[in-house]
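Subject: Model handover

Hello,

Here is the model you asked for. Please open it alongside this note.

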Amino acid sequence: SQDEKEKLTWSDRMPGYAANFGLILFMIMLTFSAVFGVIVYRITTAAALSFSTNETTRSNVRVTVTATAVIINLVVILILDEIYGAIAKWLTEIEVPKTEKTFEERLILKAFLLKFVNSYAPIFYVAFFKGRFVGRPGHYVYVFDGYRMEECAPGGCLMELCIQLSIIMLGKQLIQNNLFEIGIPKLKKLFRKLKDERTEPKEMDTNQSKDPQQWDLDYTLEPFTGLTPEYMEMIIQFGFVTLFVASFPLAPLFALLNNIIEVRLDAKKFVTELRRPDTVREKDIGIWYNILSGIGKLSVIINAFVIAVTSDFIPRLMYQYAYSQNGTMHGFINHTLSYFNVSHLKAGTQPENSPFAQDVLFCRFKDYREPPWSQNQYEFSKQYWAVLSARLAFVILFQNLVMFLSVLVDWMIPDIPKDISEQIKKEKSVLVDFFLKEEHEKLKLIESFIARDKKKHKSGTKGEKIRAASFCQFNRSHKGSFTSFSSQHTEV
């Protein structure tokens, strides 16, 4: 019948779900491909600059490659962010969610997943993957059969991670969160105004000479699209601040300064650039709370790995308390270097021109490996496994300690302050007393009505008894006439 509502079955929704899964996986792989492309750019550019005849260029190869690669990463992130936002909305629409709330939640999840991978993939690479798969002398890992995988600086990748995080975070906040928020609404407003002027015929009347009315000015403003982009900016910024704060401690300060500027820019945007939003009553911030909570828990684990794996904090502690002769850091660099016999280099990989006057038999490289005169030459040494065990133990200890402290602080500092909770209790007690007083007065009023009804009932019963007695007395008298009977009866 026409009144019967059509319902989408599981088979109807399956193509939409399959398209969502496939496209999201494709976009994640696209992000990884962009990161790999920047890695190839770093390797090839570093190799090209190393052959430069300019001494200054050769000495600043690492700085030049790092700075340009970070800028390329920032541009790619900004472009893909805009693309992923539009694709996430389209993917949510083809799912055909049942309610508006479900639509918003699915859209937020898709957009957050794509932007999370897009924003943090280059930083994750520098923090946990760069310099881990380079191999060793005589057995290096090559890209395209001619370029070695890039390595970290002699001091580690922590400083490069700090540079990468600071440039991406500050550039994303300055360009996307500030310039785009003001520039894009203005451009859309100008485009809509030009489009309306072309499509609508010009009417020659007397009103053209007057100033436009306020509703005409409001109509030219950009429609309000919701608070999802505003929340997404803060969530991504919260990830930058918390996930890698161990490598860039100034991130909270820059986030605070950005938010101070953001408040004023958003105020100007909502007042002068956007139409008035429709008010909607909400219980809480919805799925954003779960995302914030998840990022907070993930940040503990990631910071633990940054301290344990990316930095030299654990190897230094291990050397000072386990391998040092006098309990100092003297000899730490020599302890982290392994030996390699240059005669074991593959043919065609030896240095063409040696800067040393005499032949070199052994060279040193940063790793924990057995020396060439050992029975298990170039295998990982006992120190490597000891440091690895210490790193994993630190991650577990750090994670549990921070989680315990967070639970302890949550228990010690309640969500509602003590004075406010006491005030709430007083208000509740006053409200209960008021209700009890009202009920007591109602009960008294009901009792008074009942008593009045009983009194009326008793008085009515007594009058009936008097009338019945007088009538019986008249019937016993034999001397009365009909007239006297009627008069007596009337009197009674």
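Below is what turned up, from the whole chain down to single residues.

First, the ground rules. This is a predicted model: local features need pLDDT of at least 70, side-chain atom pairs count only at pLDDT 80 or more, and totals for chains, interfaces and linings use all residues. Residues are numbered from 1 along each chain as its sequence is written, and side-chain values use heavy atoms, with hydrogens and water left out.

Overall

The chain has 14 helices and 6 strands. These are DSSP runs numbered from the N terminus: helices are H or I of at least four residues, strands are E of at least two. Of the 492 residues, 29% are buried. Buried means under 20% relative accessible area, exposed over 50%, and partly exposed in between, with a 1.4 Å probe and protein chains only. Take the contacts with a separation of 6 or more: residues 24 or more positions apart account for 75% of them. Contact means heavy atoms within 4.5 Å.

Helix pairs

Start with α1 (residues 10–50) and α3 (residues 61–95). Their axes come within 10 Å and cross at roughly 170 degrees. Axes are lines fitted to C-alpha atoms, for helices over the stretch in contact, and angles run from 0 to 180 degrees between N-to-C directions. That crossing makes α1 roughly antiparallel to α3. Angles under 35 degrees count as roughly parallel, over 145 as roughly antiparallel, 65 to 115 as roughly perpendicular and the rest as oblique. The α1 contact with α3 has 22 nonpolar, 10 polar and 3 charged residues. Nonpolar covers Ala, Val, Leu, Ile, Met, Phe, Trp, Tyr, Cys and Pro; charged covers Asp, Glu, Lys and Arg; the others, Gly among them, are polar.

Next, α4 (residues 100–129) and α9. Here the axes come within 13 Å and cross at roughly 10 degrees. The two helices are therefore roughly parallel to each other. The contact of α4 with α9 divides into 15 nonpolar residues, 1 polar and 1 charged. Phe112 and Phe116 are among the α4 residues that meet α9, whose side includes Trp288 and Phe305.

Helix α9 (residues 287–310) has 24 residues and reaches 32 Å from first C-alpha to last, close to the expected 34 Å. The expected span is 1.5 Å times one less than the number of residues. Its buried residues include Trp288, Ile291 and Asn303.

Helix α12 (residues 382–412) has 31 residues and reaches 44 Å, close to the expected 45 Å. Its buried residues are Val387, Ala390, Arg391, Phe394 and Val395. They pack against α9 and α10 (313–323).

Single residues

Which residues does aspartate 81 touch? Leaving out residues up to four places away in sequence, they are Lys115, Asn118, Ser119, Lys172 and Gln176. Aspartate 81 is found in α3 and is buried, at 3% relative accessible area. A polar contact of 3.0 Å joins its side chain to that of asparagine 118. A polar contact is a pair of N or O atoms within 3.5 Å; within protein, one must be able to donate a hydrogen and the other to accept it, and residues adjacent in sequence count only if both atoms are side-chain atoms.

Two backbone points. Most residues other than glycine have a negative phi. Valine 96 has a positive phi of about 55 degrees. Valine 96 sits in the loop between α3 and α4 and is partly exposed, at 40%. Tyrosine 378 has a positive phi of about 65 degrees. Tyrosine 378 lies in the loop between β6 (362–366) and α12 and is buried, at 6%.

Best wishes
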